[in-house]
Amino acid sequence: TSRDGKLVWVTCEGAQSVVELDAASGKILRSWKTNQNTSHMLVPTRDEMKLYVSNIGSGTVTVIDRSSDSVKMIATGQGPEGIALSPNGKEVWVTNREMQRPVGTISVIDTATDAVVATIESGGKMPIRVKFTPDGKEAFVSNAQSNSVTVFDAATRKLVATIEVGAVPVGIQMTPDGKRAFVANTNDNKVSVLDVPGRKILRTFQTGTEPDGMAWAK
């Protein structure tokens with residue numbers, strides 16, 4: 001959703017496309033073909049003029065320029081899914097599930113050039129989501145088949161901590177002050193509450209079946 005709440009961008013996996021909706025009416029305003037397999041998640045730039053879309057089945061990220069309607073592809077690792085824009089707007093981090101490898105990878109894309117400037121190991125098997133702390137200093141990655149969350153220094157891109165959580169962690173959400181993170185453990189039907197500065201679990205709570213995506217309500 002755009003910051004002003006007027007637009008919604010939606011990935012359409014079967015149609016290999018992204019559509020832009022009027023939030024009030026639901027009317028389709030524009031659409032773009034990715035022509036890639038399993039276009040799954042997207043993130044806009046800070047000015048909302050570009051959309052980055054992870055294409056799980058094609059090993060690519062699609063870049064949609066809303067000012068010109070141009071569409072281009074960036075090759076990443078295999079199975080890109082989780083995607084996040086750094087708070088300063090300079091980088092997009094994409095988690096590549098890399099199912100044939102003992103550990104997954106993260107592709108770092110420079111938003112100025114739309115080039116992959118670094119590829120780093122995720123520190124676990126099947127990295128599936130990535131979330132920056134609000135200050136942009138760290139990035140948290142859920143590794144679904146390792147039952148862990150790995151923490152990276154965003155500037156150096158170095159792994160600084162590994163936190164063991166529940167079974168098949170997927171979605172990650174943080175409080176606006178960056179002090180707490182919530183990790184949805186899909187196969188445990190629980191959410192782990194993490195102390196972000198302390199890099200440890202504070203508690204867990206039960207949810208419904210297979211928790212995944214979360215949003216922060218103001």
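Strands here are DSSP runs of E of at least two residues, and helices are runs of H or I of at least four, numbered from the N terminus. The model is predicted: local features need pLDDT of at least 70, side-chain atom pairs count only at pLDDT 80 or more, and totals for chains, interfaces and linings use all residues. Residues are numbered from 1 along each chain as its sequence is written, and side-chain values use heavy atoms, without hydrogens and water.

**Stop 1: two loops**

Select E98, in the loop between β9 (91-96) and β10 (105-110). Its phi is near 45 degrees, a positive value in a residue other than glycine. Most residues other than glycine have a negative phi. E98 counts as buried because its relative accessibility is 11% (buried is under 20% relative accessible area, exposed over 50%, partly exposed in between; 1.4 Å probe, protein chains only).

Next select V168, in the loop between β15 (158-164) and β16. Phi of V168 is also positive, near 55 degrees. With 23% relative accessibility, V168 counts as partly exposed.

**Stop 2: the largest pocket**

Select V43, P44, L85, K131 and Q173, the closest to the centre of the largest pocket among its 36 lining residues. A pocket is an open set of points on a 1 Å grid over the protein atoms alone, where a 1.4 Å probe fits, with protein on both sides within 12 Å along at least five of seven lines; lining residues have an atom within 4 Å of a point. The space in this pocket is about 1,400 Å³, a volume being the space filled by probe spheres set on the points, which are joined across faces, edges and corners.

Then colour β1 (7-12), β4 (39-44), β8 (80-85), β12 (127-132) and β16 (169-174), each of which supplies at least two lining residues. β4 gives the most, with 5 residues.
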